[in-house]
Amino acid sequence: MKGGKPMGKKILWMSRHEPHRRQIETLRNTYGGDTIVEQESRPFDDARQIAKRFREGNYDDMVIVAPLSVIQVLCNEGIRMLWSEAVEENDPSKIEFRGARGQGFRFVRFRRIKRVALELED
């Protein structure tokens, strides 16, 4: 606490894409109005490099957009990050951001990733 006010959390935004206004608002509603969301857009060599950046940056939480294999390694490292859930949106007035192929999306909520499991069958 500084000056008698609780300090907000420090969130690592691990994605090439900047967070949308509603995503930041949701994080601040969850963690406090003075929560800082820092985007890490530098490329990484492997998931352990992300874990190192997360720990060395003293972040309280992480939102990640990455391949499931990367997320699995982070889970194995003991990091439980947030997943930004979105749905495809066709109504132009409700589109909040666009995907790589130009399709429209709308943010729904954040969900905590506990583990990644892959079941295969021949």
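The buried residues of helix H3 are covered by, among others, helix H2 (47–56), strand E3 (61–64) and strand E4, where helices (H or I, at least four residues) and strands (E, at least two) are DSSP runs numbered from the N terminus. The model is a predicted one, in which local features need pLDDT of at least 70 and side-chain atom pairs count only at pLDDT 80 or more, whereas totals for chains, interfaces and linings use all residues. Residues are numbered from 1 along each chain as its sequence is written, and side-chain values use heavy atoms, with hydrogens and water left out.

In helix H3, which comprises residues 68–76, the buried positions are Val70, Ile71, Leu74 and Cys75, a residue being termed buried under 20% relative accessible area, exposed over 50% and partly exposed in between (1.4 Å probe, protein chains only). Viewed down the axis of H3, these buried residues fall within an arc of 140°, so they line one face of the helix; the arc is that of the directions from the helix axis to the C-beta atoms. Just after H3, Gly78 adopts a positive phi of about 90°.

Two packed helices are described by the angle between their axes and the distance between the axes. For H2 and H3, the axes come within 9 Å and cross at roughly 50°, the axes being lines fitted to C-alpha atoms, for helices over the stretch in contact, with angles that run from 0 to 180 degrees between N-to-C directions. H2 and H3 are therefore oblique to each other, given that angles under 35 degrees count as roughly parallel, over 145 as roughly antiparallel, 65 to 115 as roughly perpendicular and the rest as oblique. The crossing of H2 and H3 is right-handed, a term applied if the near helix is turned clockwise from the far one by less than a right angle, with anticlockwise giving a left-handed crossing. From H2, Ala47, Arg48, Ile50 and Ala51 meet Val70, Val73 and Leu74 of H3, contact meaning heavy atoms within 4.5 Å. The residues of this contact divide into six nonpolar, no polar and one charged, where Ala, Val, Leu, Ile, Met, Phe, Trp, Tyr, Cys and Pro count as nonpolar, Asp, Glu, Lys and Arg as charged, and the others, Gly among them, as polar.

Helix H2 also holds Arg53, which counts as buried at 15% relative accessibility. When residues up to four places away in sequence are not counted, Arg53 touches Met14, Glu40, Arg42, Pro43, Phe44 and Tyr59.

Glu88, by contrast, lies in strand E4 (residues 82–88) and is exposed, with a relative accessible area of 52%. With residues up to four places away in sequence again left out, Glu88 touches Gln103, Gly104 and Phe105, and its C-alpha atom is separated by 16 Å from that of His17, 71 residues apart along the chain. Arg101, placed in the loop between strand E5 (97–98) and strand E6 (104–112), likewise counts as exposed, at 75% relative accessibility. Arg101 and Asp60 are 41 residues apart in sequence and 32 Å apart in space, C-alpha to C-alpha.

Over the whole protein chain there are three helices and six strands, and from the N terminus on the elements run β-α-β-α-β-α-β-β-β. The C-alpha atoms fill a box of roughly 60 × 40 × 25 Å, taken along the principal axes. Of the 122 residues in the protein chain, 33% are buried, and among contacts with a separation of 6 or more, 54% are accounted for by residues 24 or more positions apart.
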